Amino acid sequence: MRIPVTALLQLATTESSIPPAGGPVRTVVRIVLGVFIAMLASYILIEQIGSWRRRRTDRDR
Amino acid sequence: MTAEHRRDPEEIQRFTANELAQHWVLMITLTVLALTGLALFAHGTWIGKVLMAIEGGMEARGAIHRFFAVVLMLLTAWHFLYVVFTERGHRQLMEMLPRSSDLRGFVALLGYYLGRTAEPPPFGRFTPMQKLQYWGAGMGSLMMIGTGLVLWFHTQAMAVLPKWLFDVTTIVHGYEGLILFILLFGWHLYIVHFSPGNFPMQRTFLSGRISRQRLWQEHRLEYLELFGDRSPASFPEEKGEESP
């Protein structure tokens with residue numbers, strides 16, 4: 001089967017004929033990114049607080 | 001105990017020169033790819049503009065990005081051959097496989113940080129966080145290579161792919177790159193430089209070595225496998241070294 005490359009490229013690059021896709025995808029990816037950052041930040045926070053509490057306990061002992 | 005463990009009585013050789021070399025190449029490659037990718041991803045911001053200027057403009061940035069993309073592909077092939085066709089590499093991969101005990105260990109570790117237990121949970125050769133970083137970087141790199149090839153050969157790709165898939169690929173490449181950037185430059189650097197007891201840095205990535213004390217603290221199950229019940233304090237005094 002012969003692929004109509006030129007026609008496809010023209011179709012794909014004509015913004016008025018095809019609206020840009022990916023809006024919902026971008027939203028989902030941003031949510032994933034936000035959850036990921038929140039998880040890493042929580043882990044770091046818990047580790048640092050735990051470390052600080054242990055150091056304080058050791059010092060007071 | 002293997003020959004490499006006997007080489008220095010005070011430290012344990014944890015990683016080979018081959019493994020350290022792979023880490024160095026990955027470190028340099030992902031850094032350059034992240035910086036050259038970020039210049040395009042954040043082209044509208046001052047960071048993007050500064051990076052673009054440093055990298056010599058759009059054309060040079062693209063050339064550098066593609067050159068290091070090829071290096072990443074070669075490294076991926078090198079690592080694949082290493083873990084599939086060498087005995088040691090395969091053993092490392094098997095140790096790296098996620099297990100249900102990793103989740104339990106991670107929860108127990110959080111409990112330790114929150115003061116619910118007095119001792120951290122015992123981990124094997126790789127901790128759950130190390131496994132997460134390995135698989136995150138590994139899967140992320142494969143995804144970046146796949147989507148990157150579609151963007152690199154966009155003319156050919158658009159002859160066979162629908163427009164929406166091309167758009168999705170563009171988004172995934174950009175944001176997956178950002179996730180990888182945060183994983184490595186945020187979390188990984190935090191763990192090896194700023195997590196408790198590691199400042200200014202762990203040195204295992206330089207020497208591949210770890211002290212018995214550190215192995216006992218952070219990889220208790222591996223320590224017990226190597227030295228049995230003998231505690232680190234029962235060995236002659238040793239220099240402080242770090243873990244991966």
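Let me start with one residue. L75(B) is partly exposed, because 19 other C-beta atoms lie within 10 Å, and a residue counts as buried at 20 or more. This is a predicted model, by the way. L75(B) sits in helix α4 of chain B. What does L75(B) touch, once residues up to four places away in sequence are left out? Q22(B), V25(B), L26(B) and T29(B). One more figure for this residue. L75(B) and A159(B) are 84 residues apart in sequence. In space, C-alpha to C-alpha, they are 29 Å apart.

Now the core. One of the contacts of L75(B), L26(B), belongs to the largest nonpolar core. That core has 10 residues. Here they are: L26(B), L30(B), L33(B), A34(B), L38(B), A39(B), L51(B), F68(B), A69(B) and L72(B). Which elements give two or more residues to it? In chain B, α2 (17–41) and α4 (57–85). The most come from α2(B), which gives 6 residues.

Leaving out residues up to four places away in sequence, A39(B) touches G48(B), L51(B), M52(B), E55(B) and R61(B).

Next, chain B as a whole. It has 12 helices and 2 strands. Read from the N terminus, the order is α-β-α-α-α-α-α-α-α-α-α-β-α-α. The C-alpha atoms fill a box of roughly 65 × 40 × 35 Å along the principal axes. How much of chain B is buried? Of its 244 residues, 24%. Then the contacts. Take those in chain B between residues at least 6 apart in sequence: 68% of them join residues at least 24 apart.

One backbone detail. F199(B) and P200(B) are joined by a cis peptide bond. Omega there is about 5°. P200(B) is in a loop of chain B, between α9 (163–194) and α10 (204–207).

On to the two chains together. Helix α2 of chain A, residues 23–60, meets helix α6 of chain B, residues 100–113. Two packed helices are described by the angle between their axes and by the distance between those axes. In this pair, the axes come within 8 Å and cross at roughly 45°. So α2(A) is oblique to α6(B). Which residues meet? From α2(A), I46(A), E47(A) and G50(A). From α6(B), L110(B), Y112(B) and Y113(B). By class, this contact has 4 nonpolar, 1 polar and 1 charged residues.

Last, confidence. The predictor gives the complex an ipTM of 0.74 and a pTM of 0.82. Chain A has a mean pLDDT of 76, with 64% of its residues at 70 or more. Chain B averages 89, and 93% of its residues score at least 70. Where does pLDDT stay under 50 in chain A? One such stretch is residues 15–19, with 5 contacts beyond four places in sequence. In chain B, pLDDT stays under 50 over residues 1–6, where the model has 6 contacts beyond four places in sequence. Over residues 238–244 of chain B it is also below 50. That stretch has 29 contacts in the model beyond near neighbours in sequence.

Technical notes. Residues are numbered from 1 along each chain as its sequence is written. Chains are lettered from A and ligands numbered from 1 in the order in which they are written. This is a predicted model: local features need pLDDT of at least 70, side-chain atom pairs count only at pLDDT 80 or more; totals for chains, interfaces and linings use all residues. A nonpolar core is a set of buried Ala, Val, Leu, Ile, Met, Phe, Trp, Tyr and Cys residues joined through C-beta atoms within 7 Å. A residue is buried if 20 or more other C-beta atoms lie within 10 Å of its own, exposed if 12 or fewer, and partly exposed in between; C-beta atoms are placed from the backbone. Helices (H or I, at least four residues) and strands (E, at least two) are DSSP runs, numbered from the N terminus. Two residues are in contact if their C-beta atoms, placed from the backbone, lie within 7 Å. pLDDT is the predictor's confidence in each residue, from 0 to 100. Axes are lines fitted to C-alpha atoms, for helices over the stretch in contact, and angles run from 0 to 180 degrees between N-to-C directions. Angles under 35 degrees count as roughly parallel, over 145 as roughly antiparallel, 65 to 115 as roughly perpendicular and the rest as oblique. Ala, Val, Leu, Ile, Met, Phe, Trp, Tyr, Cys and Pro count as nonpolar, Asp, Glu, Lys and Arg as charged, and the others, Gly among them, as polar.
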